[in-house]
Amino acid sequence: MSKIDPIHIVGGGMAGCEAAWQAVQLGVPVVIHEMRPTVETFAHQTEGLAELVCSNSFRSDDDTSNAVGLLHWEMRQANGLIIGMGDKHSLPAGGALAVDRDAFSDDVTATLKAHPLVTIERGEVAGLPPEEWGRTIVATGPLTSPALAEAVLKVTGEDSLAFFDAIAPIVHADSIDMSKAWFQSRYDKGETEEERTAYLNCPMDEAQYEAFIDALLEAPKTEFKEWEADTPYFDACLPIEVMAERGRETPRWGPMKPVGLTNPHQPDIKAHAIVQLRRENALGTLYNIVGFQTKMKYGAQTDVFRSIPGLEGAEFARLGGIHRNTFLNSPRLLGPRMELRARPDLMFAGQVTGVEGYVESASMGLLAGRIAAYEALGRELPLPPQTTAIGALLNHITGGAEEETFQPMNVNFGLFPPLENVRGGRRGKKDRKIAYTERAKADWSAWLSDAMTA
Ligand SMILES: Cc1cc2nc3c(=O)[nH]c(=O)nc-3n(C[C@H](O)[C@H](O)[C@H](O)COP(=O)(O)OP(=O)(O)OC[C@H]3O[C@@H](n4cnc5c(N)ncnc54)[C@H](O)[C@@H]3O)c2cc1C
């Protein structure tokens, strides 16, 4: 049998370890390059692989009607290392999957170390991996070392990489009250009808605006961590509450400008302020609140944003935040198999591609490992359908999300193609989640068995 060249994997975190495991299960050798302990990050505490840097929770384990639980299920079906070790080292946590972080990381490290097809090399990859390595997966996470990040910037262009997440809250479109909100771009700008109606608008009268500003000012905020204190976000991307602190009228001159828009529900009344939401994905199932990045605590955000007319019943796919996170503008930079368009021998996986969270990152590593291993074996892995949790995340980062507003994303049902024939409204919500899950499970099982014969 001819010798199979190893896949190089940069980063031994959630995504890198899972990618390695998937490849070696298919008989393809890997070399994992992990910079710790030679080079540290501010968040990692150990030299273990797959270290959980903060919470020890993999979130909901409900695989009947929850998108994260469904992701767990898909990874279990695919013999995932990260989820398997999570199960083995789980701690009681109600409906969530919480893990004993040290035992988990020790076991992942020992399992990979003991595998005959795995080589672990400690040391920073301080630039783009060399072409001589052949197929390489870069899974260096939110704390990608500066030298590698610089090299990626050089090959992809200045605005291709973000170093901070300034996240505006994202709302499920079907939870917006369209008897109050309307579609219209400011001054009806745009060549096509689609462009002229690209935004959703929520109007406020003066009393509502004043109450909203009070709520923003009074809401509890999270403090910046020491290492975030000198963030360069401030001028480029002011949190909405900081804008309000600078002056009660400032948001009305900024993201809440009431000009160039006419409310078709009340055409004769001029709004005092208008909140705009912009489409977040090609499906049109998710909208972000433009300019509303925030450091308000999660509970407060829900209350404050639901006071906006039209958003009283808003369901949030993601709340706002600002924190350190290095990630690519993946919809622009990556091809459909997570390969860097500028250097197709390099694939990217994990949080650096703009998914968010331990499980999401591991799941992208799972897929990258399989894609790369199939390629090493001279086969082509079909991509999973968008109706599955892993397929939905892949689609989001490689083209489903809008490039201009691309923000890291947790898995959620808003990323899935909508279902037909399921009743709408609040009462249908539970049914829809169950239906999304059932469709995903059937499609994931079919994909897994097709992949075996590809
Ligand atoms: C402060 C902080 C708190 C977080 N809290 C949570 C949380 O509570 N829950 C949650 O789900 N997610 C959390 N996240 C996100 C979490 O880090 C990721 O979801 C997950 O760890 C990403 O997996 P990954 O494999 O992409 O990256 P990581 O797990 O970070 O792995 C990347 C690995 O690459 C290594 N590396 C980086 N650069 C190089 C290089 N040049 N050469 C070689 N090795 C390199 C790093 O040392 C690291 O081991 C947090 C992130 C941060 C920064």
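This is a predicted model: local features need pLDDT of at least 70, side-chain atom pairs count only at pLDDT 80 or more; totals for chains, interfaces and linings use all residues.
Two residues are in contact here if their C-beta atoms, placed from the backbone, lie within 7 Å. By that rule, and leaving aside neighbours within four places in sequence, A368 is in contact with A19, I137, M338, M347 and A349.

**Nonpolar cores**

A368 belongs to the largest nonpolar core, which has 81 residues. The residues with the most contacts inside this core are C17, A20, I137, F348, A349, A368 and L393. Helix α13 gives the most to this core, with 11 residues. Another core lies apart from it and has 39 residues, including M204, I213, A271 and I274.

M338, one of the contacts of A368, sits in the loop between α12 (330-333) and β16 (339-340). M338 has 24 C-beta neighbours inside 10 Å and therefore counts as buried. Its backbone has a positive phi of about 65°, although M338 is not a glycine.

**Domains**

The protein chain is divided into two parts: domain 1 covers 7-165 + 326-453, and domain 2 covers 170-319. Their C-alpha centres lie 31 Å apart. The contact between them takes 15 residues from domain 1 and 16 residues from domain 2. On the side of domain 1 that touches domain 2, the residues divide into 7 nonpolar, 7 polar and 1 charged.

**The shell around the ligand**

There are 34 residues around the ligand, and of these G11, G13, C54, G141 and G350 come nearest. By class, the shell has 14 nonpolar, 16 polar and 4 charged residues. At least two residues of the shell come from each of α1 (14-25), β2 (30-34) and α13 (358-376). The largest share, 3 residues, is supplied by α1.

An unreviewed UniProt entry lists G11, G12, G13, M14, A15 and G16 under "binding site". Two of the listed glycines can be described in detail. G12 is found in the loop between β1 (7-10) and α1, whereas G16 lies in helix α1. G12 counts as buried because it has 29 C-beta neighbours inside 10 Å. G16 is also buried, with 31 C-beta neighbours inside 10 Å.

Not counting residues up to four places away in sequence, G12 touches C17, I32, E34, L49 and I120. With the neighbours within four places in sequence left aside, G16 is in contact with I9, G11, I32, A139 and G365.

**Single residues compared**

| Residue | C-beta neighbours within 10 Å | Class |
|---|---|---|
| F58 | 28 neighbours | buried |
| M338 | 24 neighbours | buried |
| A151 | 16 neighbours | partly exposed |

F58 lies in strand β3 (residues 57-60). F58 touches H72, G86, L97, V99, Y358 and V359, not counting residues up to four places away in sequence. With H72, the separation is 14 residues in sequence and 8.7 Å in space, C-alpha to C-alpha.

A151 has its place in helix α5 (residues 146-156). Leaving aside its neighbours within four places in sequence, A151 is in contact with G127 and L128. The C-alpha atoms of A151 and P129 are separated by 9.5 Å, and these residues are 22 residues apart along the chain.

**Backbone features**

D188 is found in the loop between β10 (182-183) and α6 (193-196). D188 has a positive phi of about 50° although it is not a glycine.

A cis peptide bond joins R36 and P37, with omega about 0°. P37 has its place in the loop between β2 and β3. Strand β2 (30-34) supplies at least two residues of the ligand shell, and strand β3 is the strand that holds F58.

Methods: Residues are numbered from 1 along each chain as its sequence is written. A residue is near a molecule or strand if its C-beta atom, placed from the backbone, lies within 6 Å of it. Helices (H or I, at least four residues) and strands (E, at least two) are DSSP runs, numbered from the N terminus. Ala, Val, Leu, Ile, Met, Phe, Trp, Tyr, Cys and Pro count as nonpolar, Asp, Glu, Lys and Arg as charged, and the others, Gly among them, as polar. Domain bounds come from an automatic or database domain assignment. UniProt positions are given in the numbering used here, feature names are shortened, and annotations may be inferred rather than shown by experiment. A residue is buried if 20 or more other C-beta atoms lie within 10 Å of its own, exposed if 12 or fewer, and partly exposed in between; C-beta atoms are placed from the backbone. A nonpolar core is a set of buried Ala, Val, Leu, Ile, Met, Phe, Trp, Tyr and Cys residues joined through C-beta atoms within 7 Å.
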